[in-house]
Amino acid sequence: MMTPAAATEAGAPERPTVRGRAGVALWAAALLLLSIMPLPVRADGAEWVATIARHEGIPPLLVAVDKKRQQIFLFESRSPLRLKNTYICTTGQAVGDKMVRGDLKTPEGVYFVVQRLTAGLDFTMYGNEAYTLNYPNPVDRLRSKTGYGIWIHGRGEPIAPLQTQGCIAMNNPDLAGLGRSLPPGTPVMLTASFSQADSADAVQASVAHELTAKVRAWAEAWGGRSPKMFGYYDPQSYSLATESFSAFKTQKERLFKNLPWIKTSVENIQVLEGPGYWVTWFQQDYTASNLSTRGVRRLYWQKINGELRIVGMEWVPGMTAGTLLASAEPAVPPIETTPHTEEQDDRAAAAVPPAPAPTATSTSSPAKGVEPTAPANAAATAPATPVPPAGAAKTEEPEGRSLPEGVTTTLTEAAQAKPIVPETKPMPTAKAEDPAKGVRAALETWRKAWEKGDLDDYMACYAKDADQSGRKGAAAIRAQKKKLWVRCAPAEVELTGIAVSVSGHKARAEMRQIYRDAGDGGDKGIKTLVLEHRQNTWLIVRENWRPAR
């Protein structure tokens with residue numbers, strides 16, 4: 001087994017560098033201190049000392065962060081696995097796996113690049129660019145981890161070890177080099193420490209092979225509309241990590257009954273081991289009688305009673321998991337601020353009548369699970385997902401407070417698929433009222449209640465499960481606002497430049513917000529709200545804020 005340090009000495013990649021004698025001395029002293037410190041330990045008593053080795057499903061590009069060495073390693077899937085380059089970095093000020101918001105720790109696990117940010121960054125803190133990661137992932141939520149906004153970003157001044165509040169920071173020139181290998185979807189392993197081996201051991205190789213087979217069997221059961229599909233999940237874990245398994249199962253069973261056929265195909269299956277779980281991701285093509293979509297599916301697996309079962313799931317429409325990640329297509333601009341748990345195609349399929357089975361005069365009836373030829377005049381009826389305004393990264397702290405690094409939420413994975421129109425003429429429907437008007441009316445109700453300091457009317461605008469900058473649930477939001485407003489009541493809330501996009505029962509609103517309180521304090525920033533249409537009204541389910549430049 002070869003350690004990353006040995007691999008660097010033996011191979012071509014350049015050593016990590018810092019500029020200036022003082023910088024070299026500082027870095028050497030810090031690394032010496034880190035070498036005698038105990039490795040960080042997770043709350044469950046285990047540390048993630050990972051092994052990176054070639055096996056079935058290893059991705060073509062892999063970024064690994066070693067927190068103990070304060071270095072980033074870029075691997076290419078060659079035979080053997082090739083270390084392409086090494087860079088210095090700095091991670092959280094506190095050692096250990098991130099468990100709660102504000103603990104100054106960098107998380108440990110397998111994550112994926114969501115998007116690249118270049119605009120609106122504080123140069124001193126973030127340098128020229130930043131790459132957002134999908135922390136917390138489903139397993140993190142299953143483990144009740146909190147916090148958000150973990151980035152790989154630059155720095156406006158030379159970095160020092162253990163410097164951030166949870167992110168991974170690099171010197172700007174190094175990130176400019178690594179950034180060429182960080183398109184959306186790139187896997188990033190955040191480890192306490194890791195070693196490299198030429199090939200996986202028997203256990204790791206066996207699990208990787210087993211998961212590859214399970215993914216194909218899972219997709220076959222789905223395409224066959226078989227109840228066997230549900231046997232791949234652990235209902236309790238999935239409900240905690242992703243969404244209600246009961247609702248998920250009910251929705252799928254309804255589709256299995258109503259759709260005459262479904263086809264799912266998977267390719268480029270990739271596999272990585274995380275701390276106590278595995279993640280598989282792959283290119284997925286989904287086609288039914290009335291819609292078609294393509295993207296990247298991620299399945300998170302854990303051993304439950306000795307059996308590998310799905311505990312979490314993510315879906316990224318429009319992305320390609322090809323052999324060269326650098327050629328990946330960009331995802332369709334999202335409208336949500338949390339990973340989408342199950343494609344909106346299912347909801348569209350439930351709402352649109354399925355196409356009749358092809359007749360002898362058109363095409364032959366497809367065999368079960370086989371995709372028929374789409375009609376030549378097929379066209380998309382669902383509106384394209386609205387492109388959100390610029391400024392993809394969102395951060396919010398309570399009014400009047402500074403914004404710590406590493407506490408930034410990011411726009412992530414969701415999009416609206418375009419259903420294929422059945423050849424039959426659709427029945428006429430009454431013209432529906434513009435849903436954006438309803439959203440704007442709900443925003444004005446919310447603004448007025450906030451400005452008046454009317455806590456009851458203000459809370460009536462939120463769903464019971466709403467998330468406001470990490471405050472989970474209406475009760476937590478009410479308690480925080482009550483305490484804040486008793487100390488200093490709101491005086492004025494001004495909203496301008498409101499941009500609203502609606503997709504089905506969900507909406508996203510972004511606006512410029514000026515807030516003033518009774519004590520002549522206040523702030524200016526960009527407010528983003530995600531709303532859902534529930535019980536005949538629009539309710540806020542997620543709220544984020546970032547300061548205006």
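The legends below describe close-up views of a predicted model. In this predicted model, local features need pLDDT of at least 70 and side-chain atom pairs count only at pLDDT 80 or more, while totals for chains, interfaces and linings use all residues. Residues are numbered from 1 along each chain as its sequence is written, and side-chain values use heavy atoms, with hydrogens and water left out.

**View A. Arginine 155 in its loop.** Arginine 155 sits in the loop that links β7 (151-153) and β8 (168-169); strands are DSSP runs of E, at least two residues, numbered from the N terminus. With 8% relative accessibility, arginine 155 is buried (under 20% relative accessible area, 1.4 Å probe, protein chains only).

**View B. Strands β19 and β20.** Strand β19 (residues 490-503) runs antiparallel to β20, joined by 11 bridges; two strands pair if DSSP finds at least two bridges between them. Serine 501 is opposite arginine 508 in β20. The hairpin has 2 residues between the strands, and glycine 504 has a positive phi near 65°.

**View C. Strands β20 and β21.** Strand β20 (residues 506-517) is largely enclosed by the rest of the structure, because 10 of its 12 residues are buried. Antiparallel to β20 runs β21 (residues 522-534), with 11 bridges joining the two. Arginine 512 is opposite isoleucine 526 in β21. In this hairpin 4 residues lie between the strands, and aspartate 520 in the turn has a positive phi of about 65°.

Methods
Buried < 20%, exposed > 50% of the residue type's maximum accessible area, 1.4 Å probe, protein only.
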